[in-house]
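The following report describes selected features of one protein model. It considers charged pairs, aromatic contacts, strands and the surface in turn.

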Amino acid sequence: MTRMRARLLVLHLIVLTLLVVLAMRLWQVQVVRGQEFVTRATETRTRAVIVPAVRGQILDARGRPLVRNKTALVVSVDRTRLLRMKDGGVHVLRKLSQVLGKPVSDLQQRITPCGPGVGKPCWTGSPYQPVPLDEKVDTREALQILERQEEFPGVTAEIHPVRQYPLGRAGAQMLGYLQPVTEAELEKREGLKAAFSGVDLAGRDGLEYVYDDALRGKAGLRRVQVDRMGKALGVEEQVTPIPGDHLVTSIDARVQDVTEKALSKAMKSAPSADGGAAVVLDARTGRVVALASAPNYDPEIWAGGISARGYQWLMSEKSGKPLVSRAINGQFAPGSTFKITSVASMLRAGYPINGTYGCPGSVNVGGRAFNNFRGIPLGTLSMHTALVKSCDTIFYKAAYEQYLKDGGRHPKKKPKEIFANTARAFGFGSPTGVDLPGESSGRIPDRAWKKNLWNQTSAINCERSRRGYPEVKDKARAEFLKRLALENCTEGFLLRPGDSANFSIGQGDVLVTPMQLARAYAALVSDGKVRSPRIGWAQVRPDGKVVRTIPVPVVGKLPVSEKERLYIKHALSQVAQDGTAAGAFAGFPMNKVRVGGKTGTAEVWGKQDTSWFASFAPTKNPQFVVVVMVSQGGMGAQTAAPAAREIYEGIYGIKRKAAVPGGRLTTRLPKFLPDGTVTGG
């Protein structure tokens, strides 16, 4: 009996203890952590879905689309969900390959994250983002997936806006392209991470990259009520996405088309041509009217993920690396187009503007003969005629004289370096700041540059001076390279007399981009102000409200007086009639549109000459600046000048319909109707 009571007592104690524990647990759950569990319960019955915004269009100055959206059925795969399956999603991909008509290996490659040893096509986006496998499916294929969702878990077929390029290849490098958002971008850009929809694309180059935030818009939000099985019960909250703003540019689509065709024709006319560029600026404002680079490519190649073969082609030497914009990234010796800075340098150095100068067939510079073009003497010339006829020896002599005044091989403590510093004041040697990514700075080879180069290369040159060039089969060439290496080893830090002479005619180590040359000429023939060119003109909401206009900054002023500037401009105004471009413009109606400019023929060792023509029209009150460059195109008057002529003929409607009626660019933004359509401006 006593034992029974003891057992009951123990049982009562156990029950009491359990009740106390249960009470404490209930208190903890309901009081201490009550709010936490309420929140969790709420989360389990709602799903937040971020709704991506429609990306804004890129328009030309009159509202014509350069990049627009079109709707397309896109098949995407949730890679994370596939990997959680027992077979890694192979069975699903096999069924999907039958619908899409693509090999399973190709589909697997597309969903594999890019990384070391993983080539294109691979997935560059976030691991939490659906991977688009096909952006060109038809309705029949989409229905096969949607009607049998149980056979295609993790696979969706939805309508998405995709980019379309009405001008085709025209301006591909300028416009840029889109690619999936990467993990690195989500970490770096807080605003992007907060609004990441899971299917967002980001601008990777060109205007798409520079104006990405404005074009993307703001994603919306939809909170959906679901049961414990995940079935949707209704919409709890909905925030409508805000479409991206349109980017109105200063590009004129018709001028762009004319420019592309002229550059393509010029490339075909020169058998050795391996690249080219053409820039058209509004001389009065510094805005870009057209920007072409060759070779170009079809930007739609990026849609749905680029193939390994396609990516290799874009980056290959054989294709000419069409991803690279020669207009802003290509760096070339400018030849005689650079002489505008040399004339300005002479004027700054005190050479009389109305003086006369001998133009012999050859001059002695530091003990070495420097010849005029083909060694032809042109007699005594004014500075005006020296520019029109492109006399080299006048500029050789002036540059060498300034070199000696600075101390020659033993420079003064603070040499003036008038030629180099004048070129910098024209905007050379630094990026123009145009609203495109990755612009090159060009090169102004002064004494400081020479010393820095020697510091970087002296060890290699000294080694080569001892070892020579046994791999070079031509013995004479190998011996020359060995002597050159010795010279660069022992005194490569010195600016030589020949360096100064070559600089004065845009040869040697000086490099410029076509965009730099265009903005220098625009400053010269307009108001003397050096501007940072702009392609973007205004950011406009879909309903037509202007969010902001994009100004063209003035970043400098030419180092010449108004009288000197007009003197140089007047000389250039005669080149197409009586100077080096007269042949290229024979028969051109100068009485209708008078064109001025300067040809350039830059020698490149081991290659054909680089062909240049920098120009403006009309000469009296310039509206356009046109610069054409063709690498390995031969003489400036032979290839680049005829291409520039064709551009002017297209702009002004000579023998064809005018791309710019009356030769006057629009000064008003295009008009948008409330529904977002454009009426023109």
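## Salt bridges

Arg 216 and Asp 213 form a salt bridge in which the closest N and O atoms are 3.6 Å apart. The coordinates belong to a predicted model. Arg 216 and Asp 213 are three residues apart in helix α11 (residues 212-216), so about one helical turn separates them.

A search of the whole structure finds 25 salt bridges. Side chains of opposite charge can pair when their charged atoms come close. A further pair consists of Lys 397 and Glu 401, whose side chains meet at 2.6 Å, N to O. Both residues lie in helix α16, four residues apart, or about one turn of the helix. Lys 397 counts as partly exposed at 46% relative accessibility, and Glu 401 is also partly exposed, with a relative accessible area of 27%. Elsewhere, salt bridges with shared partners join Arg 55, Arg 163, Glu 208, Asp 212, Asp 213 and Arg 216 into one network.

Glu 317 forms a salt bridge with Lys 321. Here Glu 317 is exposed, with a relative accessible area of 63%, while Lys 321 counts as partly exposed at 33% relative accessibility.

| Salt bridge | Closest N and O atoms |
|---|---|
| Arg 216 and Asp 213 | 3.6 Å |
| Glu 317 and Lys 321 | 3.3 Å |

Ala 398 is buried, with a relative accessible area of 2%. The C-alpha atoms of Ala 398 and Phe 419 are 9.6 Å apart in space, and the two residues are 21 residues apart in sequence.

## Aromatic pairs

The structure holds ten aromatic pairs. In one of them, the rings of Phe 338 and Phe 503 have their centres 5.4 Å apart and their planes at 85°, so the arrangement is edge-to-face. An angle over 60 degrees is what places a pair in that class. Phe 338 lies in the loop between α13 (308-315) and α14 (339-349), and Phe 503 lies in helix α20 (residues 497-504); the pair therefore ties together parts that are 165 residues apart in sequence.

Both rings belong to buried residues. Phe 338 counts as buried at 0% relative accessibility, and Phe 503 counts as buried at 6%. Ring pairs also bring in Phe 428, so that Phe 338, Phe 428 and Phe 503 are linked into a cluster.

## Strands and sheet

Five strands form an open sheet in the order β12-β11-β23-β22-β21, with antiparallel pairing. Its edge strands are β12 (288-294) and β21 (596-602), each of which pairs on one side only. From one strand to the next, the twist averages 5°.

Within this sheet, strand β11 (residues 275-282) and strand β23 (residues 624-631) pair in the antiparallel sense over eight bridges. Val 280 has Val 626 in β23 as its bridge partner. Seven bridges join β21 to strand β22 (residues 610-617), and these two strands also run antiparallel. In that pairing, Ala 602 stands opposite Thr 610 in β22.

Another antiparallel pairing involves strand β14 (residues 362-365) and strand β15 (residues 368-371), which are joined by four bridges. Val 363 has Phe 370 in β15 as its bridge partner. The hairpin of β14 and β15 has two residues between the strands, and Gly 366 takes a positive phi near 60° there.

## A nonpolar surface patch

Which residues form a nonpolar patch on the surface? They are Met 4, Leu 8, Leu 11, Val 15, Leu 19, Leu 22 and Leu 26, with about 630 Å² of accessible area together. Of these residues, Leu 19 lies in helix α1 (residues 2-32).

Technical notes
Residues are numbered from 1 along each chain as its sequence is written. This is a predicted model: local features need pLDDT of at least 70, side-chain atom pairs count only at pLDDT 80 or more; totals for chains, interfaces and linings use all residues. Side-chain values use heavy atoms; hydrogens and water are left out. Patches are made of residues with over 30% relative accessible area and no salt bridge: like charges are joined within 9 Å, nonpolar side chains (Val, Leu, Ile, Met, Phe, Trp, Tyr) within 5 Å. Accessible areas come from the Shrake-Rupley method with a 1.4 Å probe; for residues, only the protein chains shown count as cover. A salt bridge is a side-chain nitrogen of Lys or Arg within 4 Å of a carboxyl oxygen of Asp or Glu. Two strands pair if DSSP finds at least two bridges between them. Axes are lines fitted to C-alpha atoms, for helices over the stretch in contact, and angles run from 0 to 180 degrees between N-to-C directions. Rings of Phe, Tyr and Trp (its six-membered ring) pair if their centres lie within 6.5 Å; planes under 30 degrees apart count as stacked, over 60 as edge-to-face and the rest as tilted. Buried means under 20% relative accessible area, exposed over 50%, partly exposed in between (1.4 Å probe, protein chains only).
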